[in-house]
Amino acid sequence: MKIYLLSFLLILAFVFSAKITLKEGESTKLTKTKKQLFLEHPFDSYIEKFNKNYEPKEYKARKDIYIKNLERIKKHNEDETQTWKAGENQFTDWTKEEFHAYLTKFTMPELEFTPLDRSKLQPLTALPVTVDWRDNITSVKDQGSCGGCWSFSAVAVAESAFKIHEDILMDLSQQQLISCQTSCSGCNGGVTSYGLNYIKDNGACGDYLWGYAAQDQDCSGTSKTNCESNANVFVTDINTTYIYTLPENERVDALMQIVATYGSVGVAIDADSLSDYDDGIATWMSCSSVYADANHAVTIVGYGTDGTTPFWRVKNSWGTGWGENGFFRFARGSNICGIENIAYFVEATSNGGLTKFTGAVTGLSVESAHDEFTLDWDSYPGAQRYFVKAIIDGELFLWETSKIPATILVAGSYGDTTCWVGPILDSQYGALGENITFNSAHSLVLSFFAFLLILFNFF
């Protein structure tokens, strides 16, 4: 009997244990399912996409803001009267107050504006229907948490002007302006015109020499030294023009003339309503068109017509994940958010760092049946080497030399020849020289990267 009783108790214990194990297993499975569902919440995908990380307390607050903003975005997109689409971006878990504070780092000072000389612009009768300078500008950048929109707009304007005038697309440094333009407050705000004036007075170095840090830095150190030694090779000669609000019946035509003539144009807008923009042409936004209310600097890079709606195409500095790959479009002629109030543009006159010779170099021969010619030029302060570019019978040749004068060897006879000599400062040579090899006296073989650098810096 005792044996039966003991066996019965053992069986009960086993069954009870099994039930407990089963329930625990079910509980674990249920918990795991909840966790999986938690990770699949749109906000978690959002913060992963935009590389955000929050402590638990802030996480909940940001999630609530995100959900509320999504409701606003959905309501906007369901409104059939709207001409542009809203969508989530890096600002979707920000409050409107936070977004406004981010924008108000841009300042609009009182300035004396130079009257517009319409005689220097393309005549209205000759204006192209569409202008698109996107091939004449560098890629869209992201200013991050730094309120340096003014520097991005200034650099975009200068880059565009030199690409159009010199056929050189230079990726210039925003950080140089943020760190060195003392008339502005760096990441705490500035003015596009002040950035352009700095470039005019001091030159501008490449972004590869002074990369963007998204924070205030001293105007010193290695980057400063490199920029000073290279400044004259880059942008030096520009003329800055400011335009105040033109009469309503003229300002749109004038702005079109400026964009068609000079390239990208810096403008100032009230950007409070842009936090949700995704794509499309905004024909109306809840924003101010008053000049004094502008809080963000952007760059018009062209204009056109989509269907029956004329528009401005504008480059922003909030990265390619915002808007139309970093751009947005406003209806043209409505002065939406004040976009047609003021324009910053420059005229590129020359690349001051390039010593140029055309047909008058000592020893240059244009007689046929010769396989060499001699170039002589004045030495350039600080230059250890020189790149020589020659167009010989319509064909491009490049050489590198440290000798003055230099004897250039070519294969066979040649006729018309135009030559340029560009200095290479010692601090620059490392980025170029390692990619350069000579195959013969006739040609220079370059890696694609080195070739782009040479054209970018000197020709």
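**Close-up views of a predicted model**

**View 1. Lys-163 sits in helix H5 (residues 149-166).** Helices (H or I, at least four residues) and strands (E, at least two) are DSSP runs, numbered from the N terminus. This is a predicted model: local features need pLDDT of at least 70, side-chain atom pairs count only at pLDDT 80 or more, and totals for chains, interfaces and linings use all residues. Residues are numbered from 1 along each chain as its sequence is written, and side-chain values use heavy atoms, with hydrogens and water left out. Lys-163 counts as buried because its relative accessibility is 17% (buried means under 20% relative accessible area, exposed over 50%, partly exposed in between; 1.4 Å probe, protein chains only). Its C-alpha atom lies 9.3 Å from that of Asp-135, 28 residues apart along the chain.

**View 2. Strand S7 (residues 309-315) is largely enclosed by the rest of the structure, because 5 of its 7 residues are buried.** Strands pair if DSSP finds at least two bridges between them. S7 pairs antiparallel with S6 (residues 296-306) over 7 bridges. Thr-299 has Lys-315 as bridge partner. Antiparallel S8 (residues 327-331) joins S7 through 5 bridges. There, Arg-313 partners Arg-329.

**View 3. Arg-329 forms a salt bridge with Asp-306, closest N and O atoms 3.1 Å apart.** The pair links strand S8 to strand S6, 23 residues apart. A salt bridge is a side-chain nitrogen of Lys or Arg within 4 Å of a carboxyl oxygen of Asp or Glu. Arg-329 is buried at 12% relative accessibility; Asp-306 is partly exposed at 40%.

**View 4. Lys-52 and Asp-93 meet in a salt bridge (2.6 Å, N to O).** Both residues are buried.
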